[in-house]
Amino acid sequence: MAKLVIYEEADEETVFEDFELLSNRILIGSSPDNQLVLDAPNIDPAHASLELRHDHWILQDLGGPGGTVVNGITVEGPYYLQHNDLIELADIKIRFRDQNSGPETEPEPPAEEEVYSATEPIIKGRVWFAKVAAGTLAVLFLILLILVIGHYAGLLNMADLLPPWLSQML
């Protein structure tokens, strides 16, 4: 049975809580609607999620400003958790424990799903959409700038670019 050990680092490790992973999807955050509620100032209402896929736990940052770190590396996509991984959500440290797998055995991730470790640079979800939208707006702005410069330089007439039914109205 997998569990999360939530603790605070001091002179020695002080355990606050053992959280057993009893369902296939666990939402983590400061909202009381989550399965794991972390009441801390830098924890987002929906900070991260854990999902059991093909007998392996996958950690996903949910895009809040706080970020999610595993073993010192920022998580930017689905992350395949291994026994004894250290998860950091703002100031809270969580140790992932899974008695079904040891450090010497590393099962292969499922072939039909894309699961990445935090060391692979990927662009997913909202970040990918934002980059595509920003690129599209930049191209449209550049085209408009070229048209305006061409109009003021006398190289083209902007009215010639309008459809005939609209240019008759002007």
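I began with aspartate 85, which touches Val70, Asn71, Tyr79, Tyr80, Ile94, Arg95 and Phe96 when residues up to four places away in sequence are not counted; contact here means heavy atoms within 4.5 Å. I noted that this is a predicted model, in which local features need pLDDT of at least 70 and side-chain atom pairs count only at pLDDT 80 or more, while totals for chains, interfaces and linings use all residues. Residues are numbered from 1 along each chain as its sequence is written, and side-chain values use heavy atoms, with hydrogens and water left out.

I then looked up where aspartate 85 sits, and found it in the loop between strand S9 (79-80) and strand S10 (86-89); strands are DSSP runs of E with at least two residues, and helices are runs of H or I with at least four, numbered from the N terminus. Is aspartate 85 buried or exposed? Aspartate 85 is buried and has no salt bridge, the nearest side chain of opposite charge being arginine 95, 6.8 Å away. Buried means under 20% relative accessible area, exposed over 50%, and partly exposed in between, with a 1.4 Å probe and protein chains only. A salt bridge is a side-chain nitrogen of Lys or Arg within 4 Å of a carboxyl oxygen of Asp or Glu, and for charge Lys and Arg count as positive, Asp and Glu as negative, with His and the chain ends not counted.

Next I checked the salt bridges, of which the structure holds 4. One of them joins the side chains of aspartate 18 and lysine 3 at 3.3 Å, N to O, and this pair links distant parts of the chain, with aspartate 18 in strand S2 (residues 13-20) and lysine 3 in strand S1, 15 residues apart. Aspartate 18 is partly exposed at 43% relative accessible area, whereas lysine 3, at 18%, counts as buried. Glutamate 88 pairs with lysine 93, their closest N and O atoms being 3.2 Å apart.

Isoleucine 87, leaving aside neighbours within four places in sequence, is in contact with residues including Leu4, Leu59, Val70 and Phe96.
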